[in-house]
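Please look over the sequence and the fold shown here before reading on. The briefing that follows takes the sheet and its helices in turn.

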Amino acid sequence: MKIAAWIAGALIALCVAILLIDYALATRSAPKDDHLIKALQEQVKSDAALAPKLAGEQKRVTAARRARKSRDNALAWLLILASVVFLTAAKRVVSPRWGRLQPGVPSGDGRLPAASLPVAQVALAGGTACPTNTIDLAFVDQIVAREGRGKESAIILLQAIQSHYRYLPDEALHRLCELTEITPAEVAGTSSFYGQFRRSPVGKHVVRVCHGTACHVAGARQITEELRRYLAIPEGADTDAQRLFTVDEVACLGCCSLAPVLTVDGHTSGRLTPTTACDALGQAT
Ligand code: FES
């Protein structure tokens with residue numbers, strides 16, 4: 001794309017230069033030609049022998065003007081074409097391609113740019129996978145070296161990244177696409193298709209509220225709403241601002257006789273009310 005932009009830019013400069021030179025030459029020669037034709041026309045009135053010379057000069061001037069017009073038309077079209085190519089190529093070069101990593105929005109040639117995104121701050125509230133507040137991408141390098149670069153490894157690699165970071169950080173996916181044959185579009189498609197993958201950081205404690213049939217009938221909705229209110233989880237989010245708790249709605253947890261049921265970091269609590277559900281969070285802290 002950079003080469004195309006350079007070539008188109010050079011063509012634009014060349015076309016503009018030729019057009020300017022042409023215009024300057026035409027501006028200089030036109031008055032001279034007009035003057036010559038006029039003088040010959042005057043002379044032909046007294047000397048008919050000069051008529052062929054007049055005709056020849058008129059022919060020459062007309063041919064030169066037509067040639068210039070044709071040349072300028074061709075240059076104008078070339079200029080338009082080169083401008084379109086230049087703008088398209090320049091847009092591709094400078095636009096942030098990672099922003100296209102959205103489900104259903106494939107990215108140009110499907111690869112991520114080498115330039116890094118700003119490193120996101122990751123505060124996993126004590127999560128063991130990230131000892132610092134930045135993403136350690138060495139894990140991605142290791143897992144790719146172990147599982148391979150092919151597209152067939154996409155799910156395994158994403159599972160490993162999810163398991164390591166507890167979600168799919170943009171930086172890790174970026175690195176994954178740099179190292180493998182997997183494209184951003186494929187990452188977006190796979191990570192949005194399977195419910196197991198998260199694209200946002202998870203809280204230190206994960207609360208899974210069962211919304212299976214038995215728990216739904218027994219009041220799972222009220223429990224979820226009370227937990228979200230208690231933890232002040234914003235609308236559209238599933239994790240509180242301090243990233244201490246993530247509240248997920250899940251299918252049957254397999255202990256329907258205890259409905260309604262939730263788990264906090266895998267520990268089950270049953271026969272809950274909205275109040276006792278909030279109490280159950282205390283066991284995790
Ligand atoms: S429906 Fe909730 S545990 Fe089965």
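**Sheet and helix packing**

Val206 has Thr246 of strand 2 as its bridge partner. The model is a predicted one, in which local features need pLDDT of at least 70 and side-chain atom pairs count only at pLDDT 80 or more, while totals for chains, interfaces and linings use all residues. Residues are numbered from 1 along each chain as its sequence is written, and side-chain values use heavy atoms, with hydrogens and water left out.

The sheet

- Strand 1 (residues 205-210) pairs with strand 2 in the parallel sense over six bridges, where pairing requires that DSSP finds at least two bridges between the strands, and helices (H or I, at least four residues) and strands (E, at least two) are DSSP runs, numbered from the N terminus.
- Four strands in the order 2-1-3-4 make up an open sheet with mixed pairing.
- Strand 2 (245-250) and strand 4 (267-269) are the edge strands, each pairing on one side only.
- From one strand to the next, the twist averages 25°, angles running from 0 to 180 degrees between N-to-C directions, with axes as lines fitted to C-alpha atoms, for helices over the stretch in contact.

Helices on the sheet

- Helix 8 (residues 220-231) packs on the sheet and touches strand 1, strand 2 and strand 3 (262-264), its direction making about 155° with that of strand 1; contact means heavy atoms within 4.5 Å.
- Helix 9 (residues 274-282) lies across strand 1, strand 2, strand 3 and strand 4, and runs at about 20° to strand 3.

A helix pair

- Helix 3 (residues 138-147) and helix 5 (residues 170-179) have axes that come within 9 Å and cross at roughly 40°.
- Val140, Asp141 and Val144 of helix 3 make the contact with Ala172, Arg175, Leu176 and Leu179 of helix 5.
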